[in-house]
Amino acid sequence: NLPALTILKPNTSPILTLDTLDACFIKSIFQNIILELEQKRYSYINQVQNYIQIIVNYIIRYLFESHYFSDSNANPNAAIHKIRDYIDHNFCKSDFTLEKISKQFFLSQSSLTHLFHIHYKITPRQYIIEKKINLAKQYLMTTSQSIESIASSLGYATPRQFIRLFKDNLKMTPSEFRKSSSIYDSHNPKT
């Protein structure tokens, strides 16, 4: 019996310990897959894909309902909170992607997005954009950092990416935002 983990550690694989009923269910699904592949009846590829989807959904449910993703007090929401915390601590890194988050938590990108959206009513991508926009607004209002420097500190490869995202979300460029709401003006600080 494995100890309760706070979260799966990076570069490890989950080990499922199933009770007899669960093990029989999974085994029967695999037997059906093998049968379909051997017999190659009409639409067997679709049937195999459906069986695989059943297994994936079952495993995801099992992991989220089991101790693999829960705190020692068995809080079922612990994993999704840990995902948000991971995003909060890493969203400004230039190599930060949904793929990286998914791998960190042993989820597909679609499962990650679905679970995050169910819990927070926003997708992880939207959440990251909001975090970056809010931090950018703080930088623009309170510092004299260049747009290039702010873009870089938010993990954007080019200022152009940052400016486009900012304008798409706030309907103004970062420079326009700075002029309209800055408490810091390099020539004349507001008091």
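**Helix geometry and aromatic packing**

Helix H5, which covers residues 109–120, contains 12 residues and reaches 16 Å from its first C-alpha to its last, close to the 16 Å expected at 1.5 Å a residue. The model is a predicted one.

**Helix H5**

- Ser 111, Leu 112 and Phe 116 are the buried residues of H5.
- Viewed down the axis of H5, these buried residues fall within an arc of 120°, so they line one face of the helix.
- An α-helix has 3.6 residues a turn, so residues three or four places apart point the same way.
- Lys 121 follows H5 and has a positive phi, near 60°.

**Helix H8**

- The 12 residues of H8 should span 16 Å at 1.5 Å a residue, and the end C-alpha atoms of H8 are 16 Å apart, which agrees.
- Phe 162, Leu 165 and Phe 166 are buried in H8.
- Down the axis of H8, the buried residues fall within an arc of 100°, so they line one face of the helix.
- Arg 160 and Asp 168, on the other side of H8, are exposed.
- The packing partners of the buried H8 residues are helix H6 (124–142), helix H7 (147–153) and H9.

**Aromatic pairs and cluster**

- Across the whole structure, a search finds 7 aromatic pairs.
- In the pair formed by Phe 166 and Phe 177, the ring centres are 5.7 Å apart and the planes stand at 70°; planes over 60 degrees apart count as edge-to-face, so this pair is edge-to-face.
- This pair links distant parts of the chain, with Phe 166 in helix H8 (residues 159–170) and Phe 177 in helix H9 (residues 174–181), 11 residues apart.
- Phe 166 has a relative accessibility of 0% and therefore counts as buried.
- Phe 177 has a relative accessible area of 10%; because buried means under 20%, Phe 177 is buried too.
- One aromatic cluster is formed by Tyr 156, Phe 162, Phe 166 and Phe 177.

**Charge over a ring**

- Lys 132 lies over the face of Tyr 156, at 4.4 Å from the ring centre.
- Tyr 156 is also one of the members of the aromatic cluster that includes Phe 166 and Phe 177.

How values were computed:
Residues numbered from 1 in each chain as written. Predicted model: local features only at pLDDT ≥ 70, side-chain atom pairs only at ≥ 80, totals over all residues. Heavy atoms only, no water. Phe/Tyr/Trp six-rings, centres within 6.5 Å; stacked < 30°, edge-to-face > 60°. Helix = DSSP H or I, 4+ residues; strand = E, 2+ residues; numbered from the N terminus. Buried < 20%, exposed > 50% of the residue type's maximum accessible area, 1.4 Å probe, protein only. Lys NZ or Arg CZ within 6 Å of the ring centre and 35° of its normal. Expected span 1.5 Å × (residues − 1). Arc of directions from axis to C-beta. Contact = heavy atoms within 4.5 Å.
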